[in-house]
Amino acid sequence: MQTLREVLDQAQQRGVAIGHFNISDLVLLKAVASAAQELSVPVLVGASQGERDFMGVRQIAALVKSLREESGVPIFLNADHTHSLAKAEEAARAGFDSIVFDLSAMPWDENVRQTREAVTALKSISPSILIEGEIGDIGTGSEIHETTIDLSKGLTTPAEAKQFVEATGIDILAPAVGNMHGMSRSMVRGEARKHLDIKRIAEIKAATQVPITLHGGSGTDDEDFRKAIAAGINIVHINTELRVAWRQSLEASLARNPDEVVPYKILPPVIEAVKEVAISRLKLFNSVGLVAQA
């Protein structure tokens, strides 16, 4: 099986991006894995601290490992938005392929110092593990916001990005480029879309020459996704869109079967609904190279 670094390198060469989908239960995990298997494309399964606390760190790792071995599809596991070295080390020892060490809410100097220390500590546990650092302001929480947040503030500059990468030794950078976690209600209704600073993405890529992650991808305009990947985005995070599909399809399944109490009879439509979202995003993220050649 290829390593995550090898898959990232290939994605960069082909002009495509790896889809990253957060999961917090077996329904979401099965949906994401099935989508990747159907399309025969690599995928990153993400689990934040809260999601790992709910499912179990070693339990998630075991499930992903078994799905990867059974399907033969490159399914990688990322410890998303990890805010302490202890939690990061726990994920590294469990066999995660990558860790987002996120101290972006801290002062710059403290973010640099602790991220640099984390890179050294985590690679001593697993030399092949990839460490992602984050700078800029992209908000918190993959949830529904009542109003649209101003995404023009707290953006990452190319100079900051270059300085952070060189000072910390991270493998992957997560900048703020007009993205944000979660979606507004108008985005859920399809009335609004996020728009990214494509020029800034290209400048950050040129300055850092490392893989770049787009966090908070849910609700982003499709054409902006295409342009962002062409400009240098290598990983795209989708979470809220899956959660909305999970919630809406679960409510519909319960409404259709008000007397049903058997989970494996209620949940298959939920898996299919989430899978449809993952497939649509994976097709988009993996078609950029072909579109550019057309």
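Colleague: How many cavities of 30 Å³ or more does the structure hold?
Modeller: This is a predicted model, in which local features need pLDDT of at least 70 and side-chain atom pairs count only at pLDDT 80 or more, while totals for chains, interfaces and linings use all residues. Residues are numbered from 1 along each chain as its sequence is written, and side-chain values use heavy atoms, with hydrogens and water left out. A cavity is a set of points, on a 1 Å grid over the protein atoms alone, where a 1.4 Å probe fits but cannot get out, and its lining residues have an atom within 4 Å of a point. Of cavities of 30 Å³ or more, the structure holds one.

Colleague: Which element gives the largest share of the lining of the largest cavity?
Modeller: The lining includes Leu 4, His 20, Ser 98, Ile 99 and Val 100. Strands (DSSP runs of E, at least two residues, numbered from the N terminus) that give two or more residues are S4 (98-101), S5 (130-134) and S10 (233-238). The largest share, three residues, comes from S4.

Colleague: At what angle do helix H4 and helix H5 pack?
Modeller: Helices are DSSP runs of H or I with at least four residues, and here H4 covers residues 57-71 and H5 residues 85-94. Axes are lines fitted to C-alpha atoms, for helices over the stretch in contact (heavy atoms within 4.5 Å), and angles run from 0 to 180 degrees between N-to-C directions. With their axes 9 Å apart, H4 and H5 pack at an angle of about 35 degrees.

How values were computed
On a 1 Å grid over the protein atoms alone, a cavity is a set of points where a 1.4 Å probe fits but cannot get out, and a pocket is an open set with protein on both sides within 12 Å along at least five of seven lines; lining residues have an atom within 4 Å of a point. Grid points are joined across faces, edges and corners, and a volume is the space filled by probe spheres set on the points.
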